[in-house]
Amino acid sequence: MRVLVLNGPNLNMLGTRQPEVYGPHTLAQVEDRCVEHGHALGLEVTCRQSNDEAKLITWIQQASATFEAIVINPAAYSHTSIAIMDALRAVDLPTVEVHMSNIHRREPFRHHSYVSQAAWGVICGFGIQGYEMALDALARRDVQAHTTES
Ligand code: DQA
């Protein structure tokens with residue numbers, strides 16, 4: 001299975017951005033871990049990051065030609081972007097939304113995510129391990145499809 005891992009705005013600053021919230025790892029380290037963990041699960045992982053909402057939407061629209069699943073940390077766009085939600089619904093690939101922080105323990109404006117309405121599942125609060133958990137879930141999806149209604 002080929003999986004597209006998308007990261008949204010300001011996540012290129014991981015490592016220096018609020019390390020008390022997001023931890024010490026850089027985006028490059030997170031992406032390397034996704035590729036390695038995916039490889040161990042038999043998944044082919046491609047990672048992309050943009051601060052630009054339009055670019056993220058274009059990558060989502062094009063994803064169904066090349067990928068079977070999406071992992072996305074839409075960052076602040078989670079809380080604002082009906083357009084990203086619509087793009088995910090349009091391509092209809094199994095999508096796992098990841099947030100490193102527990103958005104429900106933070107400011108009220110982070111408690112709602114439009115993207116969650118288009119996601120198969122949501123993982124938050126487990127730091128960068130959340131990306132690996134998302135890949136685990138996708139790798140097991142065939143098994144789960146027989147036991148859940150999703
Ligand atoms: C985030 C949480 C968002 O609220 C925030 O805007 C981010 C990162 C997370 O991974 O915890 O940029 O998505």
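Colleague: How far is the sulfur of Cys47 from the closest cysteine sulfur?
Modeller: The distance is 4.9 Å, to the sulfur of Cys34, which is too far for a bond. A disulfide here is a pair of cysteine sulfur atoms within 2.5 Å.

Colleague: How many disulfides does a search of the whole structure find?
Modeller: The search finds 0 disulfides. This is a predicted model, in which local features need pLDDT of at least 70, side-chain atom pairs count only at pLDDT 80 or more, and totals for chains, interfaces and linings use all residues. Residues are numbered from 1 along each chain as its sequence is written, and side-chain values use heavy atoms, with hydrogens and water left out.

Colleague: Is Cys34 buried or exposed?
Modeller: Cys34 counts as buried, at 2% relative accessibility. Cys47 counts as partly exposed, at 22%. Buried means under 20% relative accessible area, exposed over 50%, and partly exposed in between, with a 1.4 Å probe and protein chains only.

Colleague: Turning to the ligand, which residues are around it?
Modeller: They are Arg17, Tyr22, Asn73, Ala75, Ala76, His79, His99, Met100, Ser101, Ile103, Arg106 and Arg110.

Colleague: What is 2.8 Å from a ligand oxygen atom in the side chain of Asn73?
Modeller: An N or O atom of the Asn73 side chain is at that distance. A polar side-chain atom of His99 also lies 2.8 Å from a ligand oxygen, and for the Arg110 side chain the value is 2.9 Å.

Key:
Near = heavy atom within 4 Å. Polar contact = N/O pair within 3.5 Å; in protein donor to acceptor, adjacent residues only side chain to side chain.
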